[in-house]
Each structure stands twice: as structure tokens, then as C-alpha cells.
Amino acid sequence: MQHHRKVNSQQAHNTSSHEYQEDFEVKETNLNLGEAAAAYGGRGWLSGGERMANTLDLVEQMYYLYVRVVKAKDLPPTAITASCDPYVEVKLGNYKGRTKHFERKTNPEWNQVFAFSKERIQSSSLEVFVKDKEMVGRDDNHLGRVVFDLNEIPTRVPPDSPLAPQWYRLEDRRGEGKTRGEIMVAVWMGTQADEAFTDAWHADAAFVYGEGVLNVRSKVYVSPKLWYLRVNVIEAQDIVPNDRSRLPEVFVKVQVGNQILRTGICPDRTANPMWNEDLVFVAAEPFEEHLVLTVEDRVHSSKDDVLGRISLPLTVFDKRLDHRPVNSRWFDLEKFGFGALEGDRRKDLKFSSRVHLRACLEGGYHVLDESTLYISDQRPTAKQLWKPPVGILEVGILSAQGLLPMKMKDGRGSTDAYCVAKYGQKWTRTRTIIDSFSPKWNEQYTWEVYDPCTVLTLGVFDNCHLGSGNKPDASQQRDSRIGKVRIRLSALDAHRVYTHSYPLLVLHPSGVKKTGEIQLAVRFTTLSLAHTIHIYGHPLLPKMHYIHPFTVNQVENLRYQAMTIVAARLGRAEPPLRKEVVEYMLDVDSHVWSMRRSKANFFRIMSLLSGIISTNRWFNDVCHWKNPTTSVLVHVLFLILICYPELILPTIFLYGFLIGLWNYRLRPRGPPHMDAKLSWAEAVNPDELDEEFDTFPTSRENDVVRMRYDRLRSVAGRIQTVAGDVATQGERLQSLLTWRDPRATCLFVVFCLCAAVVMYVSPARVVVLVGGLYYLRHPRFRSKLPSVPSNFFRRLTARTDSML
């Protein structure tokens, strides 16, 4: 059905390792998107000229038979129990769907929707049975039924209104006439664009029950609105220590939820300590936690006495939208334990210690829950500061192929896959396709884009919460990672539909593994080209990040707290978006040390330096006349630029223009994707992988830890040597005028004076011409020994002789 064309086709003589690498490439796919499927016998199945409107134009239309069971009335009681515990069973061929039952009720209301995929329908009629739960297993447990001919079922085309349900008289189960009771049912044909799609019971998930029914549905989530809470602890007054024979060593501890920060100990041992320290926390709306502040006395290195305490709701603090300061406030402290144990005497307390705070909720920052390398949202917290969107991102999550079995079910491998997409504050989750290695979702989602230089992240997971009870402790199960895809919007052409198959790569302790492929259709539509171009001149983050920046450690700690809050809030949704899913999507472990990542970053640096090295090698070839024609042309260009110096800058920009045009033919044809070779995941040492997947602190044996520590020392030694060499060259340059070597500085000062006189009396063109021709001189005029300036620079002193 789908035809794939590899972007870089393999050659027959490629080695096996090259074939393995080629399997990790992104492939372009040819899909018939947004077209109606073929007709199926009769007008009820879109035969002839009846075609579905393309409401979802980035996915393939999938057709479903929808059955909405609303309610029943006047149901007859059974002769044995003289009551009725009704439920409804919807049967289509071999598929059966069942509603919940009601105890002793003859007028029940279910309002449940059942969906049957057209591809799996093998019957021409639909049967809706009303049954009595108390009579299950008996032949006479049927209270009645209604039969529908599939050829007569109408088709609903959104955005038409939903089909109105109708009352139907129940028939005898043998079809021998009408019986007592009626049932209200609506039956129609529709696609995944129907509003009933997300809440419907699907026939291919028939064995799922309990909470698992909710976990298989497609849903949209919204991240909580995050704020930075800045607490400036200024001072305290009238602090009374428990031991009055000593002066207190006072500090302040502030707790917001699970976040605890402390000020330093006041250097002055006094009853009126001052700190003036900023403590920054992450808070989420609605504000459920309180700010709990305690003033404590460091009595001993292992003992702190609480001298006062106060608990404040976050709603009492002002919301700041810019860098203008907020007013400070004094708060009375409660004596620790006094208010809790003797609440009735609180009014009698005339004296209390006080603490001086300046606290506010920062609305001008963007609370980072993602790494800035993969950021999908750059807007500040306060909605008043948002700019209008610049475009629309539409993503069609089509299908996956070749998924690996992620768990065992009934003695065989199985995968229950769903896909999660995250962009900005909006998360989407597709329906879980049960027990399939080639699931087809065909769901389309839309996001507003406020900055094109952002990244869409999609992850595929195996659902382990289907209520099937295949493991004893189902509540502790974690949804398994199948793979992740990142798409940078700035790499996409506007208004073009990208249909590609992306490999799903996961790094395991045994190495990188391809777990399948996912087919996506992506379209980025710009609303205003001028506005989009204007965005490129704006700062990456809101201006508060630059006016009052955070330290690197603060950013990492605050990002971890933000990820924790987002995971906790989304885990409380119904169905929950689980913690392991949110953490994987937000790259919670991106800061953890990894020898593999260190190697990858090192070779990234070397690839950047290779361009400079290649340019320097080419210029040396020109100077040594390896290619006389090129050397002559460089001499001619050099003489022209000396004669007409006003052409220097235009020539540089012209070369940049020509190089850009030349590289246009090498531009990527599709969005970039995970590169196993760039990540240094293909050739990584197994022990280094084991180290990367080790816990923190380590859980390995002492011998293994000692070996890894020695290896880390060797790597750090090389880094230390390179850093020392760079520092030495800088200190040599600095020592030219600092008189660390008086003779060398004297020579350089005299040289500067002579050079100033010569350049003053000589035209600048002549000086540059002589210097350039000297540098480009023929090899027969060159010495094999280092030049005088090089010798002089290498003899300069650095500060290495002052190091221990």
C-alpha cells in the first residue's frame, strides 16, 4: 500500500556496516493522503459519487461504523428474578462490544459509543442485543434485539451535526415479532474525524477492561502554566535563640512543594541578621503549595534549631511582568510549635520575630522545562506579553512499521503502540493500537507556531497499562520506549507537505537498536512571511533572561523542578500521561555524564576545525606553489585588492554569496533526524554503554568503578593538557607588554615604535603589499627553520612556572 524510496540508495558493493548505517536513514514515502477509500457495496458505504470531505488532509481516511447506544425504556422484568439488570451487547460478525450494566433498572441510560473498523468488517448486518446480567449463561437472557442492514446505514460528513438517535422497538431474539421495550440507538458511517472517535470503544481493543479502556484512547493534554517564584530574603529582626548564652548562627530555609533552598549563614552573629539573597523556585497554576519559611540556628554541624516559621499561600505575592522592582514586606514569624500546640494562646503572644522579604511571581521569563537545544516554546509566562503566531504546524501521525516485540503476552511477543507529540504547551496522544507491529493511527493534530526556530518532538511507546493483568504488580509497570523523532521547523519549507518514514532508534546497554519506523506527514504554514523573517532578529528567550540572567546551576536545577512538576500534573490527567513518557520527551537525563556524548562532542568540534585546517592547508599550498596556476591567480587577486582596497569587503561578501549558491545543490532534501554515527552510538565501547546506563551514585563493583575512574582521569588529563596549552598561548600574548620577561618586552616595545614610524611615513598599501608578497614568496626564498616572529613568540614566558 505504501511505497518507499530511499533518499540515498545503496550500492551493490557496499559493506555490511554501510548497509546497517543506511537502515538508519530517513526515507521519503509516497502516500495517498486525504482521499476516500474505495466504496463497499451500496450507497451507505460511500459508493459512486459520494466522497468524504478532506477534513483531515494529512492522513489517510479510515472508516468506522459507529454505534451510539443512548438509553432504553420499558424493559420487561425476567420471570425468575422479577427484576432487570440490563446491559447492551453490540455484535458485528465476530466482534462484540458491551456496555456497563445497571442494577434493577428498567429505564437505563448508557450513552456509550462503539466503533468497528471497516477493514475488519465481515458481516452485512449489525445486531444490538439488550440482555439481563442476572441471566447470563441461560438461553432466555435476551430481552430483545434490533438488527441493522449495513447497506442502509447513513454516512456522516463533518462538520455536519451528529446523527440524531432514534427509538427502536425490540424484537424477539428469534425474529418472531416485537417484544416489550424500546432502545434509543444511532448508527452511522464516519471517519476518524468524527467527534465520537476519541471516546468510542474500539473493536480491536475488545479485551481491554477497567482503567485500561481510558488508557487506549487518544487525548490532548496541556502543560500547566509555570512561573518562577523569586524570594529575596533581605533580613530578620529580633531573632531569639533557644540557648541565650550564645549568639545565633542564623540562616533561612524556604520550601515550596518538594523544592527546598537555603540562604547562607549570616556572617554577623546577631539577633538582627541580614542576607539579601535571591532564592528562585518553580510554581504551577493553580497554586496548590504554600511557601514555608523557617529561620534556623546552626547549633552544630548536624543540628539546626528552628527559631521561627511562617506559611504563606503563593497567591499573596505580586506578579511581575518586567524588571521593575516590587515592594518588600515584613512578615511576623510564629514561634516554632507554639501555634500548633497552643492555638488558643496565639492571641496572647504580643512579641514576635519578623522577616523582611521581597517576593514575586516572575511573568517575564519562559520557564524552561526543555533543553534550549530542543526548545519548542519560547514565550514568557504572562500571556499579556505574547506576540501573535507566525504560522501553523500540522502533523499527521500515519503509521509505524516493523516494530519490535516489547513484552510477552500469552507466550509470544507483543506490542501495544501509541505515539505522543509535544510542541509548546500542547501534548497529544494517539489511540493505542493493540497487539500490532504495524499500527495505523492516521490522526492529525495542529499547533500554533510563535517561533519557527523550534523543535517538534514525537515519541512512540508501548502501553503497559491495559488492565489485562499480565503482570502481578500492574501499577508499577512503566510504558516502554520504542523511539523518538525530532523535527526542527526552521528546516521545513513553508506550505510543503513532508511525508517521510523516520527510523525509531533507542540506545540500549547492548548498543543502538532500530525498533521500527514511523510514517509522518508534516506541514508548516506561515501566516506572514515578513513576520517570520522579523523573528530571526529577536532574542531566543524573553528579555528578562538577559536583564536578570540565571546561573548555569540555577537553570539546570530549575529545569529539573519544572520537569518534575509537569510530569506530576500530566500524570494526574485522565488518562494519565505517565512520568516515564514525559521525562523521555523532555530529555530528563541529557545532563548526565556519558563517555559516548563526550566523544561525540569532541568529534563535532574537530569537524568544525577541519574546515579551518583545510583552508590553512590550501593557503600553505598556495604559498609553497604546489599549484602554480592557483598561486598566480591568488597573487593577481592580492595585487588588485591592494590597488583598490575599497573592493576588499565587496569581494568577501561576493565570495560568501557564490559559496552559498554552490552549496545550494547540496542542501538537505528532508528534515534532519537522529544520526547514530554523529551520536557515536555505533562504535561505542560496551563498557562505556554500561557506564552510561549505570545509576547515580554508581551500583557497580569497586573494581569496575576503579577502572572507570582511571579511564576518566586519562580523558580528563588530555582535556587538561589542551586547556593548559590554550591558556599558555594566551598568557604568552599577554606577556608581550607586562614585563614578565623585561628583555622580550623591551624588544617588542622598540619594535612597536619602529613599526609605528615606518607605517606613518609609508603608505598603507605599500606596507600591506610588501608584507603580503613576503608571505606569498616562492619556496626557494623560504628557510626550513621557523621564522623570527615564531621563535620570538615561543620564547615568551607564561605563568606555568608559577604553578605547583
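## Aromatic pairs

A residue counts as buried when its relative accessible area is under 20%, and as exposed when that area is over 50%. The model used here is predicted. Tryptophan 188 has a relative accessible area of 4%, so tryptophan 188 is buried. Tyrosine 66 is buried as well, at 0%.

The count of aromatic pairs comes to 16. In one of them, tyrosine 66 and tryptophan 188 are stacked, with 5.4 Å centre to centre and 20° between the planes. Tyrosine 66 lies in strand S3 (residues 63-73) and tryptophan 188 in strand S10 (residues 178-191), so the pair links parts of the chain 122 residues apart. Phenylalanine 602 and phenylalanine 603 form an edge-to-face pair, at 5.3 Å and 80°. Phenylalanine 602 is partly exposed at 46% relative accessibility, and phenylalanine 603 is partly exposed at 39%. Ring pairs also join Tyr64, Tyr66, Trp188 and Phe197 into a cluster.

## Helix H6

Helix H6 covers residues 552-570; its 19 residues should span 27 Å at 1.5 Å a residue, and the end C-alpha atoms are 27 Å apart, which agrees. Buried residues of H6 include Leu558, Ala562, Ile565 and Arg569. Among the elements covering the buried residues are strand S13 (226-237), strand S16 (274-284) and helix H7 (579-585).

## Second largest pocket

The second largest pocket holds about 760 Å³ of space. Its lining has 31 residues, with Gln378, Arg379, Pro380, Trp386 and Lys387 nearest the centre. S12 and strand S27 (440-449) are the elements that give two or more residues to this lining. By class, the lining has 15 nonpolar, seven polar and nine charged residues.

Note on methods: Residues numbered from 1 in each chain as written. Predicted model: local features only at pLDDT ≥ 70, side-chain atom pairs only at ≥ 80, totals over all residues. Heavy atoms only, no water. Helix = DSSP H or I, 4+ residues; strand = E, 2+ residues; numbered from the N terminus. Expected span 1.5 Å × (residues − 1). Buried < 20%, exposed > 50% of the residue type's maximum accessible area, 1.4 Å probe, protein only. Contact = heavy atoms within 4.5 Å. 1 Å grid on protein atoms, 1.4 Å probe; cavity = no way out; pocket = protein on both sides within 12 Å on 5 of 7 lines; lining within 4 Å. Points joined across faces, edges and corners; volume = space filled by probe spheres on them. Nonpolar A, V, L, I, M, F, W, Y, C, P; charged D, E, K, R; others polar. Phe/Tyr/Trp six-rings, centres within 6.5 Å; stacked < 30°, edge-to-face > 60°.
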